[in-house]
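Have the coordinates open as you read.

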There are 2 protein chains.
Amino acid sequence: MYRIGVDLGGTNIVSAVIDEGYNIIGKARVATNADRPAKAIFEDIAKTAFDAVKAADLTMDDVESIGIGTPGSVNKESGVIEYANNLNFDKVPAREMLNALTGKDKIYIDNDANCAALGEAVAGVGKGVRDLIAITLGTGVGAGIVVGGKLLTGCNYAGAELGHTVIVYDGEPCTCGRKGCWEAYSSATALIAQSKRAMLADPYTKMWDIAGTIDNVGGRTSFDAMRQGDPTATAVVKKYMSYLACGVTNLVNAFQPEILCIGGGIGNEGEFLLKPLRRLVAAQRYSIHAEKQTQILPAKLGNDAGIIGAAMLDE
Amino acid sequence: MYRIGVDLGGTNIVSAVIDEGYNIIGKARVATNADRPAKAIFEDIAKTAFDAVKAADLTMDDVESIGIGTPGSVNKESGVIEYANNLNFDKVPAREMLNALTGKDKIYIDNDANCAALGEAVAGVGKGVRDLIAITLGTGVGAGIVVGGKLLTGCNYAGAELGHTVIVYDGEPCTCGRKGCWEAYSSATALIAQSKRAMLADPYTKMWDIAGTIDNVGGRTSFDAMRQGDPTATAVVKKYMSYLACGVTNLVNAFQPEILCIGGGIGNEGEFLLKPLRRLVAAQRYSIHAEKQTQILPAKLGNDAGIIGAAMLDE
C-alpha cells in the first residue's frame with residue numbers, strides 16, 4: 001500500500017505519495033497563500049493529494065492513509081489543529097475537512113517538527129533506530145523526539161518544544177515570552193543577530209565585505225568570514241557553538257538518544273559545525289562511564305523528512 | 001505472585017515484598033557500610049531479601065522477580081552496575097551475583113531515581129497515568145521520566161539526568177563538571193548555599209536565630225524564616241522559586257507529562273512550595289493553547305517509591 005504525506009507550510013503546500021520503501025513516487029505543490037480561510041487551504045491540500053496520486057500513476061484507492069505536518073499545536077486525538085499563528089488557524093477540524101474532501105478515513109495530523117523527526121527516524125539518518133532527536137536550526141530551533149520508535153508529544157501533544165527550554169536564566173527575550181530560551185541563542189535568527197552586533201562593534205570585520213550591508217547578513221555570514229580567518233567572526237561562531245553545545249548536551253543528558261541529528265539552514269555547515277560540536281558535547285556530557293554514546297549526525301532527508309514523517313503517522 | 005524491591009542506598013539496604021496491589025507486606029533493613037567490597041554488600045542484599053520474604057510469611061518460591069534501585073549508572077541489559085561512586089562500585093555484575101545468592105532468574109536493576117519515578121507512576125500520585133516525571137529535591141536534583149508507562153533511560157541507560165541540564169549558562173559550578181546545572185540552583189544543597197550567602201550579608205536575618213550557627217543551616221531554614229516575615233529569607237526563597245520554576249517549565253515544554261511530581265527534603269514544604277511554583281510555570285509554559293496541562297503535584301510514596309518502583313521493574 002501507499003501513503004500520502006502533506007507538508008503544510010506557511011509558503012507552500014506539498015503533498016507526496018510514499019511507497020513501502022519510503023520512496024517519494026509522486027509529488028504535487030501549490031502556494032499556501034496563508035491569508036485565505038482554512039477551508040480554501042484544505043481544498044488545495046486535497047487537490048495536491050489527488051495530483052500527487054495521479055503523478056504516481058495511482059488512484060486514491062491505493063492510498064492507505066494521509067498524514068499532515070502542520071505548524072502550530074495539534075490535538076492528535078480529535079484531528080483538530082488547535083492553533084497555528086502563521087496560518088491564522090484557530091481550532092480547525094483538519095481531519096474532518098480532509099476526510100470529506102478525499103473520502104479517506106485514516107487521516108493523521110502532527111506538528112511539522114515532529115514529522116521531520118519521525119521521517120529521519122524511519123527513513124533517514126536514524127533508519128532502524130528507536131530513539132532519535134532531530135533538531136532544525138532555522139528561523140527557530142525546531143525539534144522532534146522519537147522514543148521507542150514513537151513520537152514523544154506529551155499529554156496535550158504540545159511537547160518537544162526543546163527550543164523553548166531556558167539555557168541562559170534571565171537572558172535574551174524569546175518570542176515565546178520567556179527569557180533565555182535555547183532558540184534565542186542557537187537559531188539562525190539568533191546567529192544573525194549575534195553577527196550584526198559584532199559587526200556594529202567592528203567596522204573592519206570581513207563580515208561587512210561578505211554581507212555587503214548589515215541587512216544582508218545571513219546564517220552563513222559569520223561562518224564564511226571565519227573560514228577567511230576573520231577574528232571577529234571567529235569569536236561570534238565560537239560563542240554560538242558554545243550555546244549550541246550547551247543545549248545539545250542538555251538533551252543528551254536528558255534523553256541519551258542513539259542519534260541526535262541536526263538540520264536546517266545552519267545544519268548546512270556540515271562537519272564544520274558538527275565536528276567542534278561533538279568535541280564540546282563529549283567534554284561536558286554526564287554519561288562519561290557509558291560505553292555507548294549519542295551520535296551527533298547531520299540530518300539526511302532535508303525538506304523531505306517532514307513529508308515522509310507525515311506519511312508515516314498513525315494513531 | 002509477589003515481587004521484591006530493593007533500595008540500595010549509601011546508608012541502608014532495604015528490601016521489601018510487594019503484593020499485586022503494590023502493598024508492602026514484608027520489609028527488612030541492614031546498614032550498607034558502603035566501604036565494603038561489592039560481594040559483601042550483595043550478600044546482605046540477598047539476606048534482606050530472604051528476611052523480607054520471611055516477614056511476609058512467604059518463601060522465595062512465591063517471588064516472581066527481584067528489582068534493585070541503585071545509585072550510579074546501570075547497564076540494564078547486562079545487569080551490571082557500571083559505576084556508582086558513593087558505593088565504590090566499578091563494573092559490578094549485580095544480576096549475576098544476586099542470581100547466585102537467591103536462585104532467582106528474573107533480576108532487574110535500574111537507577112534509584114528512575115525506580116522512584118516508576119513507583120510514583122505505578123502506585124503513587126500517578127497511578128493509572130502513562131506519562132510522569134518525578135523530581136526529588138534533595139542533596140541533588142534527582143529525576144525519573146516515565147513515557148507511555150515505561151522508564152525513559154536512553155540508549156545507554158544514562159538518561160533522565162535532568163538535574164544536569166544547564167539553566168544558567170556559565171553559572172555556578174556543578175559537581176558534574178558543567179557550569180549552571182539546574183541541580184546547582186534547585187537542590188537542597190544549593191538552597192542551603194544560597195541561604196548561607198544571604199546570612200553572611202545580613203547578620204540581622206531571622207535565619208541566624210532559626211539555625212543557631214551557619215553550619216546548622218538546612219533546606220527548611222529560609223522557608224521557616226520567610227514564614228516569620230523575614231525579608232532576607234523571603235528574597236532567598238523567591239529567587240530559589242524562580243530557578244525551580246525555570247527548570248520545571250523547561251521539563252513541561254519538553255515533555256508535557258500528565259503529572260510532574262516533586263518529592264525530597266524541599267518537597268516537604270508542600271503547598272507552600274507548589275502553589276507559587278504552579279503560578280510561575282503557568283505564566284511561562286509554551287502550551288498556552290492546550291486544554292490539558294501538566295499537573296504539578298507532591299510525590300506521594302516518600303522513600304517507598306524507590307522500593308515499589310524497583311519491584312515493578314521488568315525488561
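Which residues in α8(A) meet α9(A)? The model you are viewing is a predicted one, and in it the α8(A) side of this contact consists of Tyr240(A), Met241(A), Ser242(A), Leu244(A), Ala245(A), Val248(A), Thr249(A) and Val252(A). Facing them from α9(A) are Leu273(A), Pro276(A), Leu277(A), Leu280(A), Val281(A) and Gln284(A).

Helix α8 spans residues 231-255 of chain A and helix α9 covers residues 271-284 of chain A; their axes come within 9 Å and cross at roughly 55°. The two helices are therefore oblique to each other, and α8(A) passes α9(A) in a right-handed crossing.

Helix α3 (residues 112-123) and helix α10 (residues 304-311), both of chain A, pack at about 85° with their axes 6 Å apart. That angle falls between 65 and 115 degrees, so α3(A) and α10(A) are roughly perpendicular to each other. Here Cys115(A), Ala116(A), Leu118(A), Gly119(A), Glu120(A) and Ala123(A) of α3(A) meet Ala305(A), Gly306(A), Ile308(A), Gly309(A) and Ala310(A) of α10(A). This contact holds seven nonpolar residues, three polar and one charged.

Finally, turn to the largest nonpolar core, which has 98 residues; Ile135(A) and Ile135(B) touch the most other members. Beyond its neighbours within four places in sequence, Ile135(A) has contacts that include Val141(A), Leu162(A), Trp182(A), Leu251(A) and Ile262(A).

How values were computed. Residues are numbered from 1 along each chain as its sequence is written. Chains are lettered from A and ligands numbered from 1 in the order in which they are written. This is a predicted model: local features need pLDDT of at least 70, side-chain atom pairs count only at pLDDT 80 or more; totals for chains, interfaces and linings use all residues. Side-chain values use heavy atoms; hydrogens and water are left out. Axes are lines fitted to C-alpha atoms, for helices over the stretch in contact, and angles run from 0 to 180 degrees between N-to-C directions. Helices (H or I, at least four residues) and strands (E, at least two) are DSSP runs, numbered from the N terminus. Angles under 35 degrees count as roughly parallel, over 145 as roughly antiparallel, 65 to 115 as roughly perpendicular and the rest as oblique. A crossing is left-handed if the near helix is turned anticlockwise from the far one by less than a right angle, and right-handed if clockwise. Contact means heavy atoms within 4.5 Å. A nonpolar core is a set of buried Ala, Val, Leu, Ile, Met, Phe, Trp, Tyr and Cys residues joined through side-chain atoms within 4.5 Å. Buried means under 20% relative accessible area, exposed over 50%, partly exposed in between (1.4 Å probe, protein chains only). Ala, Val, Leu, Ile, Met, Phe, Trp, Tyr, Cys and Pro count as nonpolar, Asp, Glu, Lys and Arg as charged, and the others, Gly among them, as polar.
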